Amino acid sequence: MSLSLYDVSVPAFSRGLDVLSHLLDKGVAYADEQGLDHSVLIAGRLAPDMYTLIGQVQSASDAAKFGAARLAAITPPSFPDTETSVDELRSRILKTQDFLRSVSPESMEGDEEREIVIRPGGRELTFTARDYLRGFVLPNFYFHLTTAYGILRNQGVPLGKMDYLRGF
């Protein structure tokens, strides 16, 4: 049995976004218990030159939607990075999940060797679809998901490994 681009990407993105929603829920519950303003929680970051929790959620969303869209050779939805509250972050996650549900397995079928060109930070990177998935988009998605977890842990939110691995 072989795994398709779809099998390796869209379910992983969907599950990761579910985890991200769960982490936000736990963060909000902790903030409420401690009497902390939610804006403090979502403004948290691990280092001065890193994105805040808001930026990590936006980036995880972007990695999922752009990744799926590039693999399926379709146009992704545009989400402006204007979120300033937990509810807006939750809405962005839901919109990303809605988009992922619209991507069909057939849209990626047999395209493992198709060329994908991206331009992060003004550089041009060229991949096969397979290498883009394995070497760029999945690591990027999990980087932002893990960093969101780290920010919340750093702020005292009682998260454990099973919060990250939920669903298994």
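Colleague: In this predicted model, are α1 and α4 roughly parallel or roughly antiparallel to each other?
Modeller: In the predicted model, α1 and helix α4, which covers residues 86-102, pack with their axes 10 Å apart and at an angle of about 165 degrees. Angles over 145 degrees count as roughly antiparallel, and therefore the relation of α1 to α4 is roughly antiparallel.

Colleague: Which residues of α4 make the contact with α1, and how do the residues of that contact divide by class?
Modeller: The crossing of α1 and α4 is left-handed. On the α1 side the contact involves Val10, Phe13, Ser14, Leu17, Asp18, Leu20, Ser21, Leu24, Asp25 and Val28, and on the α4 side Val86, Leu89, Arg90, Ile93, Thr96, Gln97 and Leu100. By class, the residues of this contact divide into 10 nonpolar, 4 polar and 3 charged.

Colleague: How are α1 and α3 oriented, roughly parallel or roughly antiparallel?
Modeller: Helix α1, residues 5-34, and helix α3, residues 53-72, have axes that come within 10 Å and cross at roughly 160 degrees. The crossing of these two helices, α1 and α3, is left-handed. With angles over 145 degrees counted as roughly antiparallel, α1 and α3 are therefore roughly antiparallel.

Colleague: How many charged residues does the contact of α1 with α3 have?
Modeller: From α1 the contact draws on Leu5, Ser9, Val10, Phe13, Leu17, Leu20 and Leu24, while α3 contributes Leu53, Val57, Ala60, Ala63, Ala64, Gly67, Ala68 and Leu71. Sorted by class, the contact of α1 with α3 has 13 nonpolar and 2 polar residues, and the number of charged residues is none.

Colleague: Is α1 roughly parallel or roughly antiparallel to α5?
Modeller: The axes of α1 and α5 lie 10 Å apart, and the two helices pack at an angle of about 10 degrees. Angles under 35 degrees count as roughly parallel, so the arrangement of α1 relative to α5 is roughly parallel.

Colleague: How many residues of the contact of α1 with α5 are charged?
Modeller: Among the α1 residues that meet α5 are Leu5, Val8, Ala12 and Gly16, and the α5 residues that they and others of α1 meet include Arg130, Leu133, Tyr142 and Leu152. The contact of α1 with α5 divides into 19 nonpolar and 3 polar residues, and the number of charged residues is 1.

Colleague: Which helix gives the most to the lining of the largest pocket?
Modeller: The largest pocket has a volume of about 320 Å³, and of the 15 residues that line it, Asp62, Phe66, Arg70, Phe136 and Asn140 lie nearest its centre. At least two lining residues come from each of α3 and α5. With 6 residues, the helix that gives the most to this lining is α3.

Conventions: Residues are numbered from 1 along each chain as its sequence is written. This is a predicted model: local features need pLDDT of at least 70, side-chain atom pairs count only at pLDDT 80 or more; totals for chains, interfaces and linings use all residues. Side-chain values use heavy atoms; hydrogens and water are left out. Axes are lines fitted to C-alpha atoms, for helices over the stretch in contact, and angles run from 0 to 180 degrees between N-to-C directions. Helices (H or I, at least four residues) and strands (E, at least two) are DSSP runs, numbered from the N terminus. Angles under 35 degrees count as roughly parallel, over 145 as roughly antiparallel, 65 to 115 as roughly perpendicular and the rest as oblique. A crossing is left-handed if the near helix is turned anticlockwise from the far one by less than a right angle, and right-handed if clockwise. Contact means heavy atoms within 4.5 Å. Ala, Val, Leu, Ile, Met, Phe, Trp, Tyr, Cys and Pro count as nonpolar, Asp, Glu, Lys and Arg as charged, and the others, Gly among them, as polar. On a 1 Å grid over the protein atoms alone, a cavity is a set of points where a 1.4 Å probe fits but cannot get out, and a pocket is an open set with protein on both sides within 12 Å along at least five of seven lines; lining residues have an atom within 4 Å of a point. Grid points are joined across faces, edges and corners, and a volume is the space filled by probe spheres set on the points.
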